[in-house]
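Biologist: Before we discuss this model, could you set out the terms you will be using?
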Amino acid sequence: MRNLSYCSDPFLYQRRQTRDVMVGNVGIGGANPIRVQSMITCDTMDTEKSIQETMELAKVGCEIVRITAPTVKDARNLEHILKGLRERGCDVPIVADIHFKPEAAMEAAKWVDKVRINPGNYADSKKFVIREYTDEQYAAELSRIRERFSPLVDLCKQRGIAMRIGTNHGSLSDRIMNRYGDTPLGMVESAFEFARIARDLDYHAFVFSMKSSNPKVMIAAYRLLVARLNEEGPDWNYPIHLGVTEAGEGEDARIKSAIGIGSLLADGIGDTIRVSLTEDSPHEIPVARGLIDNIKKTSNIQSASAVNGLRRGEHPASNSESFREQGIELSFDPFSYQRRATETIVVAGVGDPGHKIRLGGEELIRVVVRKTNFDKIAHKIDKMGDYKPEIIYENARIVEVDPRDDGAIAKLNAQRAPQIVTVRDDVDLSVISAFRLLAAELSPRHPILLKDTLSRVNAGNDEAPAFAGLRRGRRMTNDEGSPNDRMTKEQASSLRHSDFVIPSSLDIGHSSFLVTLLTAATNIGSLLCDGIGDAILVQGEEAPGQALRLSYNILQAAGSRIFKTDYVACPSCGRTLFNLQTTTAKIKAATLHLKGVKIAIMGCIVNGPGEMADADFGYVGGAPGKVNLYVGKTPVKFNIPEAEAVGRLQDLIREHGKWVEPSEQRTEAPV
């Protein structure tokens, strides 16, 4: 499988070429720009509120809006929502979101511009049944699916509307789970079952998605999807919709989204994106726009001569071959995560003179700071809790190289002793390309230090391109009316007036910090998910405490180093059975101190059980005002009144031996 091709060149950005799929008056794929979409959160039967939320999204730059249709009645009301939107001059395309109900899909398809179906539950109910299917039984299941799905395909084809075949990691069918397992391959095969039916009926106006709350799983699934599409032939060139599902809220959700979505955009994969936040939907749009803008800025930093240069001792302009044409192979399997195997070394650590710290091998991925930043916070290290720096860059004898310099690489590879190595700051390659190339060329015994940018904001005029104009001591802020700015003020205010203290600040209203966050999470997060990296340095953020917080939160979101409670929280929609934002805040207030515990917060059952499998405990809406609690993917407590549910969740955590009492001491949050 490793030999399958998922992009034209993993060392040089080139957007994947696809066919056009029209969603109303908006084109996806082909030569169209990467489109931004989102989803309203109100009850679909509330026509006026649905119209209002849709228009608010369109106003802030959302190009496609999705509305849930959980029943035929809801689907029928889409007619009135569409009519109201068009009467008010809003022509944004509308997508109906369907789970479980083919009948609702058939009704919705009469009115909307696109229908999203989930192949895991469109014609199946989830029972977590373990069963071995014979080939004959499996074929019979596919015939049953064809019978249920074909009428929708025929209607979409007749009306000339689009479809998304959207697999969710948390809701694979029992049939897929038993044959392929809870794997990226299972996710791809689940979508292909439905795609083959559509193609047999000569319907091609569809896009794919492979969503997961785990960025590593999501990245692997999308890469495998594209590789399989390439393998099937040139007419399987369908557009791709990207998203990290159940990302949560605040800084952590933006980091997780950037790791998943940003990594794939950097690979040239993705034609439309949705950032799923447990916040008001308009907050998603600046993040999505930022990810797209970031790829535009960073993916082609290198000129052709820079990409081709310094191979085999040649001058950059003298070699016309790309890295791939020169036979350079990736150091990692793009479809299956495995950390790059290095030897362990000992370097000077932060602390008492003579203190040493181990890195590489199976050691934790370490957090590095420059000495200038360390000096700014040295007086309060003891108060920084889990966000302490571990290594000072200048004290660790780190070797800096241009990964295209054969002589420098050969010299390192000839050394018997392992050495921590990084890319020089003046290298004119994109960060992801530079470190992939370094990992491919460097002997695997040498640990690698990752950087978020290859230029520093506090190194004279040598500033990262994304921060041009943002000089020291001055921040560029968003307009007062921007969603991120409102989010910051509203949420920060609510936190100040409660006991809910979150160490990762939600103060991301400054456009410069949002760019820093998205850049760092995309670049470092992508490489961590490729298995590359034994230490990280965030140098695109000049505030040392903020850079440290960002470093640790990237490691947490990538699943590389768990140092705090982990939350999986779905974005709200019309199916949600409680207020997700306030409920998430209450659960965090009660459990934020439980390091290493993973809690899923789901508004309804759509993805609940499947996503529970990746969590220790789950809090899932079961009925209006009622909550079901899960251990893993198993429901254990039912129909708990919402007012009692957080306390009962704490009791459940105690029953399973994972509860500890909160410390009375508070650590100082980095700033």
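Modeller: Contact means heavy atoms within 4.5 Å. Helices (H or I, at least four residues) and strands (E, at least two) are DSSP runs, numbered from the N terminus. This is a predicted model, in which local features need pLDDT of at least 70 and side-chain atom pairs count only at pLDDT 80 or more, while totals for chains, interfaces and linings use all residues. Residues are numbered from 1 along each chain as its sequence is written, and side-chain values use heavy atoms, with hydrogens and water left out.

Biologist: Which residues of α6 meet α7?
Modeller: From α6, Pro184, Leu185, Met187, Val188, Glu189, Phe192 and Arg196 take part. Their partners in α7 are Val217, Ala220, Ala221, Leu224, Leu225, Arg228, Leu229 and Glu232.

Biologist: At what angle do helix α6 and helix α7 pack?
Modeller: The angle between α6 (residues 184-200) and α7 (residues 215-232) is about 45°, and their axes are 8 Å apart. Axes are lines fitted to C-alpha atoms, for helices over the stretch in contact, and angles run from 0 to 180 degrees between N-to-C directions. The two helices are therefore oblique to each other; angles under 35 degrees count as roughly parallel, over 145 as roughly antiparallel, 65 to 115 as roughly perpendicular and the rest as oblique.

Biologist: Left-handed or right-handed, how does α17 pass α19?
Modeller: The crossing of α17 past α19 is right-handed. A crossing is left-handed if the near helix is turned anticlockwise from the far one by less than a right angle, and right-handed if clockwise. The axes of α17 (residues 580-591) and α19 (residues 642-655) cross at roughly 35° and come within 11 Å. Thr583, Lys586, Ile587, Ala590 and Thr591 of α17 make the contact with Glu642, Val646, Leu649, Gln650 and Ile653 of α19.

Biologist: How many disulfides does the structure hold?
Modeller: It holds 0 disulfides, a disulfide being a pair of cysteine sulfur atoms within 2.5 Å. For cysteine 90, the nearest cysteine sulfur is that of cysteine 62, 9.6 Å away. Cysteine 90 is buried, with a relative accessible area of 8%.

Biologist: Now the loops. Where does isoleucine 398 lie, and is it buried or exposed?
Modeller: Isoleucine 398 is in the loop between β14 (391-392) and β15 (399-401), and its 14% relative accessibility counts as buried. Its C-alpha atom is 5.4 Å from that of isoleucine 420, 22 residues away along the chain.

Biologist: What is the phi of phenylalanine 100?
Modeller: Phenylalanine 100 has a positive phi of about 75°, although it is not a glycine. This residue sits in the loop between β5 (94-98) and α3 (102-108) and is partly exposed at 33% relative accessibility.

Conventions:
Buried < 20%, exposed > 50% of the residue type's maximum accessible area, 1.4 Å probe, protein only.
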